[in-house]
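I wanted to look up a few things here and jot down what turned up.

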Amino acid sequence: MAQVLSLRVFLSSHTQKPSPKSLKLSKRTNKSNTSISTAKKGLVSPSHKIQKLNLEVSPHRAVSAVRLLRIQFGGAFADLLNEKGKGSGDNEMGYVERTLGFRTRDLDDRDLRLVTDIVGGTIRWRRYLDHIIGSLCHDESVFRSMEPLLLQILRIGFYEILKLNMPPYAVVDENVKLAKVALRPGAGNMVNGILRKLVLVKENNSLPLPKLEGDDRAQARALATLYSHPVWMVRRWTKYLGQEEAIRLMMWNNSDPSFSLRANSAKGISRDDLVTQLNSLQVPHEVSSHLDDFVRVKIGLQNVIRAGLLKEGICSVQDESAGLVVSVVNPQPGDDIIDCCAAPGGKTLYMASHLSGKGKVRAIDINVGRLRILTETAQMQKVDGVVATIHADLRTFAVNSPLKSHKVLLDAPCSGLGVLSKRADLRWNRRLEDMEELKNLQDELLDAASILVNPQGVLIYSTCSIDPEENEDRVDAFLVRHPEFRIDPVGRYVPSDFVTKRGFYHSDPVKHSLDGAFAARLVRTL
Ligand SMILES: C[S@@+](CC[C@H](N)C(=O)[O-])C[C@H]1O[C@@H](n2cnc3c(N)ncnc32)[C@H](O)[C@@H]1O
């Protein structure tokens, strides 16, 4: 994935395409910096000299700026859990050196936490920050043509001052230093000028922000800036939820995410065992009130990763909202379950852990790389004996295979609109046009999955979306096409707080403080 990314790949894989000139990753004239010209060509010569350690610039800001560039240009996932990619200090320092032309000291735990906060927050608040940065530039073209690294440094400074409320003059000094060393003295002067303007307008309470006034469109645009989301999402949520609830949802999406850990019972690990380990690692946690195997963690996930709890299969990171989808499936020892869109396997593995070594989960997925991850994790979690993977497109597999089951899960590809607090960058990558494509795919996959269900068997349709068009509407359209299915209310399987009037499972980010998810049980009557 992201871990073996050369700067050349980084430059060619970006989604927006600034000219090489506008990237200006290499224009450095500062004498105090020892950067060499290999970075200039976007290449690292095998014989290049080890750069001198730069002790002037704060390491977490340098790392944050480079990580933000990599995320913006498609070289990394913003999913801060990606252990292999971003957790790897060596790789990260390699990117810093190649991009900025200097090395920083290694990051300690505090630095790592700061990088996580700054990168996540800066991405979430991008629209809001860019609006204010643009307003404080002396003309709009300066903002529009700003070189990417300079813009990232400004975003970091603005985020630190506006959202982290850090001492403003320290923020100015540190970011000016970074711009001077990583770019050139002129860039430092520009950062200095714009950040100082920000400090002034903030002190005078006169931040240039849009007012919530005018027609629906104007209000949606203002809300999109104030709460930093794409306009189309604001319009959609205002339509389905009303303005107040839409604002609450955006506030939730902008808050720091918490994570849940699932104790791996298949390896004989109980939640009490996991709690003992978390106590010894001094990771604050709370046991789930909905699921016996789950524990919530707000901070300290890095400690869990570093202690090897995930690698050793002691626990896995899984949101309770996804765990509750498995409750809706209700896997029992001896079951033969088909999981139609299974990779990377969160639900497959949790279902497999319920089988007590008896039965099978057949995990189908079109993506071979993700299936490989599923296979490796199944081995690590000691459930490989009850998991069989099938690499296939469900749509062709279902019509050609004799395989049938009494329990079929379709955890469909979806917009992910329920998981925006964890996937900081997702809001900027999703487009309104995606929704139509996804709905068509969901219909096709539902039709295919239904072929695999035995008479009296159940098809569970789930998503990690909160959008009715991907959830209830897909079920309704399916029932029109397939009158041989009926809704089986989920009240017997999940707490009543999660059951909708129509008998579907729905976790609501604002109400339940979990990711948003949906599931329906559909029983084949013939
Ligand atoms: C929401 S993800 C599944 C997440 C998984 N159930 C879990 O809990 O980890 C959707 C999956 O559908 C797979 N997919 C998309 N189109 C497919 C198709 N036509 N046939 C089979 N799998 C497909 C994707 O590769 C992706 O892994």
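Before anything else, a term I needed: two strands count as paired if DSSP finds at least two bridges between them. I also noted that this is a predicted model.

Entry one, strands. I looked up strand 2 (residues 285-287) and found three bridges joining it to strand 3, with the two running antiparallel. A hairpin of six residues links strand 2 to strand 3. Next I checked strand 1 (residues 259-263), which pairs with strand 3 (residues 294-297) in the antiparallel sense over four bridges. Then I asked myself which residue of strand 3 stands opposite L261. I found V295 there, and V295 also has V287 opposite.

Entry two, helices. I picked helix 3 (residues 59-72) and helix 9 (residues 148-162), whose axes come within 9 Å and cross at roughly 120°. Angles of 65 to 115 degrees would count as roughly perpendicular and those over 145 as roughly antiparallel, so I wrote the pair down as oblique. The crossing is right-handed. From helix 3 I listed R61, S64, A65, L68, L69 and Q72, which meet P148, L149, Q152, I153 and I156 in helix 9. I sorted the residues of this contact into seven nonpolar, three polar and one charged.

How many residues surround the ligand? I got 18, with C341, G346, N367, L394 and D411 the closest. Helix 18 (346-353), strand 6 (360-365) and helix 20 (394-400) each give two or more residues to this shell. By class, I noted nine nonpolar, three polar and six charged residues around the ligand.

Technical notes. Residues are numbered from 1 along each chain as its sequence is written. This is a predicted model: local features need pLDDT of at least 70, side-chain atom pairs count only at pLDDT 80 or more; totals for chains, interfaces and linings use all residues. A residue is near a molecule or strand if its C-beta atom, placed from the backbone, lies within 6 Å of it. Ala, Val, Leu, Ile, Met, Phe, Trp, Tyr, Cys and Pro count as nonpolar, Asp, Glu, Lys and Arg as charged, and the others, Gly among them, as polar. Axes are lines fitted to C-alpha atoms, for helices over the stretch in contact, and angles run from 0 to 180 degrees between N-to-C directions. Angles under 35 degrees count as roughly parallel, over 145 as roughly antiparallel, 65 to 115 as roughly perpendicular and the rest as oblique. A crossing is left-handed if the near helix is turned anticlockwise from the far one by less than a right angle, and right-handed if clockwise. Two residues are in contact if their C-beta atoms, placed from the backbone, lie within 7 Å.
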